[in-house]
Amino acid sequence: MDNSKKEHSYTYWVKHDPNHPKIDCQPKKVEDPSQVQQPQTIGSQWNVSGTWEEQKVPMNEIKKSLENIVGMKIGQTKISAVESVEGEAHLFLSRGKKRMGYHLKITYALEDDGQIKYTDFTDDGDRDYVLEDVNDETVKHQIEELHDRTKQYVEVFKN
């Protein structure tokens, strides 16, 4: 029996097999930086595989985005201002795809001194709203377009 101490490592079997090709495991300096391939990431530099990230979206940024709706004609009136935006909005990166999650309360002012208040505007499709001091019945029939435009401008951060 051999009493010599054997060296154990992960590749111990490679070193002693004469039929196995030699593997060069030594690092090599790259002379040309353009030869280095950087992984394409959607999120942060550290999250190369795109597993999970969460980033809060500030309410003032959402309000600024919703300002693009001012001037939109709805019924016989127009939206004159975005009075308030409250709630939470998050940008998620999950499995390599960007998603928006939000739960907002939005108040639009109308030119005829009325208001459209979203008491619950969420990413899962809830669109609870209240029309205050709105005498024009056609506003109710065209509210779906406002839902779509609001969703479009809230989810602009996803792109």
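Biologist: Start with E53. Is E53 buried or exposed?

Modeller: First, a caution: this is a predicted model. E53 has a relative accessible area of 16%. The cut-off for buried is under 20%. E53 therefore counts as buried.

Biologist: Which strand holds E53?

Modeller: The strand covers residues 52–56. E53 falls in that run, so the strand is β1.

Biologist: How far apart in space are E53 and F92, C-alpha to C-alpha?

Modeller: Along the sequence, E53 and F92 are 39 residues apart. In space, their C-alpha separation is 5.6 Å.

Biologist: Step back to the whole chain. How many helices and strands are there in the protein chain?

Modeller: Read along the sequence, the pattern is α-β-α-β-β-β-β-β-α-α. Counting the elements gives four helices and six strands.

Biologist: What share of the residues in the protein chain is buried?

Modeller: The protein chain has 159 residues. A residue is buried when its relative accessible area is under 20%. The buried share is 31%.

Biologist: Now helix α2. Why do its buried residues lie on the same side?

Modeller: Helix α2 spans residues 59–66, and its buried residues are M59, I62, S65 and L66. They sit on the same side of α2 because they cover an arc around the axis of only 120°.

Biologist: Which exposed residues does α2 carry on the face turned away from its buried side?

Modeller: Exposed means over 50% relative accessible area. On the face of α2 turned away from the buried side, the exposed residues are N60 and K64.

Biologist: Move on to M72. Is M72 buried or exposed?

Modeller: M72 is in the loop between α2 and β2, the strand at 73–74. Its relative accessible area is 6%. With the cut-off at under 20%, M72 is buried.

Biologist: How far apart are the C-alpha atoms of M72 and R149?

Modeller: Along the chain, M72 and R149 are 77 residues apart. The separation of their C-alpha atoms is 9.5 Å.

Biologist: On to charges. How many salt bridges does the structure hold?

Modeller: Side chains of opposite charge can pair when their charged atoms come close. The cut-off is a Lys or Arg nitrogen within 4 Å of a carboxyl oxygen. The number of salt bridges in this structure is four.

Biologist: Which parts does the salt bridge between K117 and E132 tie together?

Modeller: The closest N and O atoms of K117 and E132 are 3.5 Å apart. The two residues are 15 residues apart in sequence.

Biologist: Which residue forms a salt bridge with K140?

Modeller: K140 is partly exposed, with 44% relative accessibility. The closest N and O atoms are 3.4 Å apart, and the partner is E137.

Biologist: In the salt bridge of E155 and K158, which residue counts as buried?

Modeller: The side chains of E155 and K158 meet at 3.6 Å, N to O. K158 has a relative accessible area of 29%, so K158 is partly exposed. At 15%, the residue that counts as buried is E155.

Biologist: Which residues form the negative surface patch?

Modeller: Asp and Glu count as negative. Patch residues need over 30% relative accessible area and no salt bridge. The patch is formed by E111, D112, D113 and D133.

Notes:
Residues numbered from 1 in each chain as written. Predicted model: local features only at pLDDT ≥ 70, side-chain atom pairs only at ≥ 80, totals over all residues. Heavy atoms only, no water. Patch = residues over 30% accessible without salt bridge, like charges linked within 9 Å, V, L, I, M, F, W, Y side chains within 5 Å. Areas by Shrake-Rupley, 256 points an atom, 1.4 Å probe, with all protein chains shown as cover. Charge placed at Lys NZ, Arg CZ, Asp CG, Glu CD. Buried < 20%, exposed > 50% of the residue type's maximum accessible area, 1.4 Å probe, protein only. Arc of directions from axis to C-beta.
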